[in-house]
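Dear colleague,

Please find the structure below, handed over for your own work. My notes on what was found in it follow directly after.

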Amino acid sequence: MAFINSELTEELKKFGIFDFSACYNCGNCTAVCSLTSEDESFPRNMLRYSMLGLKDEITVSLKPWLCYYCGDCSTYCPQKAYPGELMMTLRRWLTSKYDWTGLSGLLYKSVAWNVFAFLLVAAGVIAYAVCQNFSLEAIMHAGHVFEMLAIAGVFTLILLPNIIRMWYVTTIRAGIHAPSKVYLRQLSELFVHMFTQKRTLSCDDHKLRWFEHLILVIGYLSLLFITVFLNWFETGSVLINLFGYSVSAVVFIVTFHFVLERIRKTKEISMFSRSSDWFFVIWLFLMGFSAFLVRLFIDLNLLEQNLWLYLVHLIILAQWALLIVPFGKWTHFLYRSFAMYFQRIIEDHSNLSKK
Ligand code: SF4
Ligand code: SF4
């Protein structure tokens, strides 16, 4: 067993599970990991940094984001130390480091803070409904305006500054000063990973997961587009309406499968679910399901008598937009895509420097 710096390991334990004392450095995890190269003993380098308390080395590293949690390292670890889960833990920890508000760290570490924040948002929505005398028309209008403001506000005030912080620590602070042509040349990498998460395909057992993920991203973005830009709940277009039903059904069916996988714990990736994992899949499911029901009730002329349904949908939506997207697991989707992009910039820049 190697020397362990307990300050960092104790901090990391608040973000996930990994049995540092069980690891005896056998190297099996490195031998099976597809990210291992001649110069990198992955994931053992991250394990060593964590044990030695090398926070700076972890903070400037993009490596935890390159891991797609195939789980092979955990499967072949003779000590059941679950190194794959350490990578997940480091991703949560890094998320809290990039976030300038500090709320990500708070919500990752404490279920009580999550419950408080979720109740606070729910109370805000109900208080607004009371102020509007429970007028369905006024609340639905406010809900639509909220969607647009939340997207713009969360992106400009939280996500963009956090991505800039991530870029600064992982490239500039790491001594990478690539010219702008390199950033432009690699830009396609960002979008390819954002929409396809193609790196998952390098894990043999993850073809179905990759496909489900792709369908979910398409379904989620389409639902967002239809409700925000095509105003699905107020449209008279049959085509938009049918499309809305289809994409919301896709979202709740796929996420229902994700929830089942986490309950069954059949794969390494779903073995250790934290509150952030549960909130992500359950709220995504509830968003798709409640949106589907709201539109169904509108079509059956039942929503006026069942205002509670729209209120429930709005509460779920507000909690998703104000808590899970900026501070929860949703950010992993964004940081991972940018990590792939920054990694390509670093590689491209280093190739240029060698010429
Ligand atoms: S396989 Fe397990 S025991 Fe061996 S180095 Fe990796 S984490 Fe440690
Ligand atoms: S989960 Fe897979 S990709 Fe990630 S460190 Fe383990 S073996 Fe490597």
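In this predicted model, 23 residues of domain 1 are in contact with 30 residues of domain 2. On the side of domain 1 that touches domain 2, the elements giving two or more residues are α5 (63–66), α6 (72–75) and α7 (83–98). Of these, α7 gives the most, with seven residues. Sorted by class, that side of domain 1 holds ten nonpolar, nine polar and four charged residues. The domain assignment places domain 1 at 6–98 and domain 2 at 103–354, and their C-alpha centres lie 26 Å apart.

Ligand 1 has a shell of its own. Among the residues that surround ligand 1 are Cys-23, Cys-26, Cys-29 and Cys-77, together with Arg-44, Gln-79, Ala-81 and Pro-83. The shell around ligand 1 divides into seven nonpolar, four polar and one charged.

The buried residues of α17 include Trp-330, Thr-331, Tyr-335, Arg-336, Phe-338, Met-340, Phe-342 and Ile-345.

Is Arg-274 buried, partly exposed or exposed? Arg-274 has 19 C-beta neighbours inside 10 Å, whereas a buried residue needs 20 or more, and Arg-274 therefore counts as partly exposed. Arg-274 sits in the loop between α14 (238–264) and α15 (275–299). Its C-alpha atom is separated by 38 Å from that of Asn-133, and the two residues are 141 apart along the chain.

Finally, a word on confidence. The mean pLDDT of the protein is 90, with 97% of its residues reaching 70 or more. Confidence is highest in helix α9 (residues 111–131), at a mean of 97, and lowest in helix α12 (residues 187–196), at 86.

With kind regards

Key. Residues are numbered from 1 along each chain as its sequence is written. Chains are lettered from A and ligands numbered from 1 in the order in which they are written. This is a predicted model: local features need pLDDT of at least 70, side-chain atom pairs count only at pLDDT 80 or more; totals for chains, interfaces and linings use all residues. A residue is near a molecule or strand if its C-beta atom, placed from the backbone, lies within 6 Å of it. Ala, Val, Leu, Ile, Met, Phe, Trp, Tyr, Cys and Pro count as nonpolar, Asp, Glu, Lys and Arg as charged, and the others, Gly among them, as polar. Helices (H or I, at least four residues) and strands (E, at least two) are DSSP runs, numbered from the N terminus. A residue is buried if 20 or more other C-beta atoms lie within 10 Å of its own, exposed if 12 or fewer, and partly exposed in between; C-beta atoms are placed from the backbone. pLDDT is the predictor's confidence in each residue, from 0 to 100. Domain bounds come from an automatic or database domain assignment. Two residues are in contact if their C-beta atoms, placed from the backbone, lie within 7 Å.
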